[in-house]
Amino acid sequence: MSRVLVIGCGGVANVAIRKCCMLPEVFTELCIASRTKSKCDALAAELKDKTTTKITTAQVNADSVEELCALIRSYKPDLVMNIALPYQDLTIMEACLQCKVNYMDTANYEPEDTDDPEWRKIYEKRCKEQGFSAYFDYSWQWAYRKRFEEAGLTALLGCGFDPGVTQAYCAYAKKHEFDEIDTIDILDCNGGDHGYAFATNFNPEVNLREVSAPGSYWENGHWVEIPAMSIKREYNFDQVGDKDMYLLHHEEIESLAQNIPEVKRIRFFMTFGQSYLTHMKCLENVGMLSTTPINFEGHEIVPIKFLKALLPDPASLGPRTHGKTNIGCIFTGRKDGKEKTYYIYNVCDHQECYKEVASQAISYTTGVPAMCGALMMLTGKWTTPGVHTVEEFDPDPFLAALDKYGLPKSESHDPALVP
Ligand code: NDP
C-alpha cells in the first residue's frame, strides 16, 4: 500500500506508470504531475479501466521548489519518482528534503543553461580536478548525502537501464561471480530501426548533448578523456548481430569507480549507425546542438530546443521501430584464485514493448527499472538513508523483479572480449 508522486509524463514516465499500474497492490495510489497536465490526463484516462491503482493528475513546474513543496504537501506521497529531465534533479531533491519524502530519478543532474557563470565556475574547476568534461556528474547530488542521511530519507539515483541496471549487474557480478573485478565494459546496443533518417530514442536535447561530448574512461585510478567518437570497436551482439560501437563518457563509470575501487578499467560503449553520426556531426557543425540562445527575427531561440521541435517525438517511434536492444556488462577478474570472464545482459524487442505498453524499447528499458527501483524502495528492500546509486544496494531482489516484469537477464561465462 503506497502513494507515489511521479513527476514527468514523457516517454520513460509513460512506461514506468503503466508498469506501476500492473502492480496495484504496491502502487495503490499514483499522482502523475508534469508541466503539461493534458498529457497526464490523457494517460490517466487511458489507464482508468485497466487498473485498480487510483490515479490523479496535477500540473507542476518542477523548476520551482515552492510549487513542488505545495504539491508534495497536499498529496503526501511515500516516494517521489523524478522522471522529468536531469535539469530538475536538484529542485526535486530539495523539495523532497523539505517535505521529508523519499526520492528517486533516472539520470544525474546537469544544468539546462550551461552558460550560467555560477555553474560554469564550479564545472571548470571539476574538469581540471577530475579530468572529464561532461556537463553532468554526481557531485551535485552527492552534496545532498548528509542531509538525506540526517533526515532518515533515501534518494536513489539513476535507476534506469544505464545508469541503473548496469550497476546492478556490476553488484551482482561482485556478489556472485568474482572475488576481484579487474575490468568492466558496459555495452549498449540498439539494433532497432525506426525508418527515419534521423531521430533520437529519448529526449533529443539530453541525448544529443551526451553523445556529442568527448568520451572518457576510467583507468588505473584516473579519467582518460578522448575526442568524441574517436574510439570505435565492432561487436557481435546476441540476437542483434555485428554493430559498430563508440566509447562514450557515461555517468555510472563515476560511481562504479568509487564503489568497486579495485577495478582497473571501466569503459562504456554505445552503438551508432553511420547515418546517425553523419547527421549529428552536420547539426553540430552548423551550431544546431548549441544551448546558447540566439536572436532570430526578434525572437530568442535556443538552437537545440528548436531542433527538438523539428525531430520526431521519441514517444512516437514505438509503432515504427523494429529490432532489438542488447545492453549489458562484460567483466574480467578472479574467483577462487582463477582468472575468469563473465557477461550479463538483457535483450529487449522493440515491437514486443510496443505491444505491451505502447512504447519503443529505449523508454521500456528505462521505465521498467524505474518501476522496479520504486518497488525496492516501497517494499522495504532498498531503504538505507542517504543518497545512493544502484550498485550500493543488494542486486538480487532487483534483478529478480526485472526478470519477472519484462527485462530478464542472459549470461555467458565465455564471452568475446572487447579489444
Ligand atoms: P521526455 O522529454 O519524453 O519527458 C520529460 C517529461 O518531463 C515531459 O513530460 C516534460 O513535460 C516533463 N518536464 C520537463 N521539464 C519539466 C518541468 N520544468 N516541470 C515539470 N515537468 C517537466 O524525456 P524522457 O521520458 O525520454 O526521459 C526522462 C528521463 O529519463 C530523462 O531524465 C532522461 O535523461 C532519462 N533517461 C534515462 C535513461 C537510463 O537508462 N537511465 C535512458 C533514457 C532516458 P512536457 O510534456 O511539458 O515537455
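Mentor: Happy to. Helices and strands here are DSSP runs, numbered from the N terminus: a helix is H or I over at least four residues, and a strand is E over at least two. The model is predicted, so local features need pLDDT of at least 70 and side-chain atom pairs count only at pLDDT 80 or more, while totals for chains, interfaces and linings use all residues. Residues are numbered from 1 along each chain as its sequence is written, and side-chain values use heavy atoms, leaving out hydrogens and water.

Let's look at β1, residues 3–7. Four of its five residues are buried, where buried means under 20% relative accessible area, exposed over 50% and partly exposed in between, with a 1.4 Å probe and protein chains only. Strands count as paired if DSSP finds at least two bridges between them. β1 runs parallel to β2 (residues 29–34), joined to it by five bridges, and R3 has E29 as its bridge partner there. Strand β4 (residues 79–82) also pairs with β1 in the parallel sense, over four bridges; V4 stands opposite L79.

S64 counts as buried because its relative accessibility is 18%.
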